[in-house]
Amino acid sequence: MATASTIIKTASNEIGVKETGNNNVKYNTEYYGKAVNGDTYPWCAVFVWWVFKHSGASSIFYGGGKTASVYEIWRYYNSLGRVYSSPKVGDLAIITTSAGGTYGHVGIVKSVSGNTYVTIDGNSKDQVRTTNRTVGSPKASFCRPAYGSGSGSSTNLSMGSSGTDVKDMQKKLIALGYSCGSSGADGSFGQGTYNAVCNFQRDHGLTVDGVIGPTTRSKINSAYSNLGGSSSGTNLSMGSSGTDVKNMQKKLIALGYSCGSSGADGIFGQGTYNAVCKFQKANGLSVDGIIGPATRAKINALYAKL
């Protein structure tokens with residue numbers, strides 16, 4: 001499976017290619033099957049299609065299809081839940097134009113540094129070139145293809161994978177508080193499992209690509225192993241007390257959930273119960289006021305990111 005670096009390399013090799021007429025350029029010629037000329041053939045989206053095709057990655061651009069529409073690119077990734085407000089290398093930046101077009105232009109994110117990023121753009125001043133941009137000016141949304149990890153690809157699990165390995169990972173994700181959808185651990189890597197993997201990756205500071213590669217697999221296994229430790233094997237609820245309660249209280253307070261006037265006192269009272277319920281509601285968990293495996297895992301994951 002192609003990586004972001006593969007896409008960037010292919011796109012970078014095209015920098016400097018210019019039109020020889022009004023939108024008459026090799027990318028359009030290949031897309032339409034003939035040379036074209038005229039205002040009805042803008043090619044920023046066609047350039048992206050061409051880059052993914054020549055990187056052997058058509059399947060993660062538009063499901064293996066073709067489009068010359070910036071809006072269709074956005075719609076496709078939005079339907080997969082893969083549109084973000086902050087850029088990462090390899091993203092497809094959907095840029096609002098000065099004329100007010102919400103889906104006016106698309107470029108490939110080459111690099112990101114703080115609040116600025118660089119795109120490789122087709123049909124930018126009639127050529128392929130790089131553009132320096134600032135997040136939010138102009139407005140942009142970022143479509144994220146499901147890139148592979150670039151290593152250990154033979155054991156990667158992604159949309160369409162199936163079998164006992166998928167089922168094992170699903171069981172672990174569910175135990176860690178990440179629902180794999182209504183089918184549960186069925187051994188089939190579908191949309192529910194994809195969403196669970198993305199949520200896990202996001203919570204643990206990993207590249208969010210929905211693929212269980214070596215790094216994500218290791219993190220899942222590590223987090224799952226920690227569930228069996230003496231400090232995390234018992235549910236905490238009203239009336240519980242001790243160092244484990246105090247530790248969870250400290251984390252909840254750090255995350256902005258007050259445990260009452262007594263603070264982290266090691267006693268699971270009404271204040272802690274209220275904090276747990278609020279946390280569960282805010283994070284899409286079952287609201288029962290009990291710190292079980294799923295709630296504990298989510299508290300630990302978010303606390304680790306502070």
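User: How many residues does helix H11 have, and what span does H11 reach from its first C-alpha to its last?

Analyst: The expected span of a helix is 1.5 Å times one less than its number of residues. Helix H11 (residues 293–304) has twelve residues and reaches 16 Å from its first C-alpha to its last, close to the 16 Å expected at 1.5 Å a residue. This is a predicted model, in which local features need pLDDT of at least 70 and side-chain atom pairs count only at pLDDT 80 or more, while totals for chains, interfaces and linings use all residues. Residues are numbered from 1 along each chain as its sequence is written, and side-chain values use heavy atoms, with hydrogens and water left out.

User: How many helices and strands does the chain have?

Analyst: Helices (H or I, at least four residues) and strands (E, at least two) are DSSP runs, numbered from the N terminus. Here the chain comes to eleven helices and six strands. Its C-alpha atoms fill a box of roughly 75 × 45 × 30 Å along the principal axes.

User: Which residues of H11 are buried, and against which helices do they pack?

Analyst: Buried means under 20% relative accessible area, exposed over 50%, and partly exposed in between (1.4 Å probe, protein chains only). In H11, the buried residues are Thr295, Arg296, Ala297, Lys298, Ile299 and Ala301. They pack against helix H7 (191–203), helix H9 (243–254) and helix H10 (270–282). Across the chain, buried residues make up 44% of the 306 residues.

User: How many residues of helix H3 are buried?

Analyst: Helix H3 (residues 44–54) is mostly covered, with nine of its eleven residues buried. Among them are Phe47, Trp49, Trp50 and Phe52. Just after H3, Gly56 takes a positive phi of about 70°.

User: At what angle do H1 and H3 pack?

Analyst: Axes are lines fitted to C-alpha atoms, for helices over the stretch in contact, and angles run from 0 to 180 degrees between N-to-C directions. Helix H1 (residues 4–12) and H3 pack at about 120°, with their axes 9 Å apart. Angles under 35 degrees count as roughly parallel, over 145 as roughly antiparallel, 65 to 115 as roughly perpendicular and the rest as oblique; H1 and H3 are therefore oblique to each other. The contact (heavy atoms within 4.5 Å) is made by Ile7, Thr10 and Ala11 of H1 and by Phe47, Trp50, Val51, Phe52 and His54 of H3.

User: Where do positive phi values and a cis peptide bond occur?

Analyst: Most residues other than glycine have a negative phi, and most peptide bonds are trans. In this model, Asn123 has a positive phi near 55° and lies in strand S4 (residues 116–124). Asp126 has a positive phi near 70°, in the loop between S4 and S5. At 44% relative accessibility, Asp126 counts as partly exposed. The peptide bond from Ser137 to Pro138 is cis, with omega near 0°, and Pro138 is found in the loop between strand S5 (127–134) and strand S6 (140–143).

User: Is Val211 buried or exposed, and with which residues is Val211 in contact?

Analyst: Val211 is buried, with a relative accessible area of 4%, in the loop between H7 and helix H8 (214–226). Leaving aside neighbours within four places in sequence, Val211 is in contact with Tyr147, Asn156, Leu157, Ser158, Val197, Gln201 and Thr216. Val211 and Leu157 are 54 residues apart in sequence and 5.8 Å apart in space, C-alpha to C-alpha.
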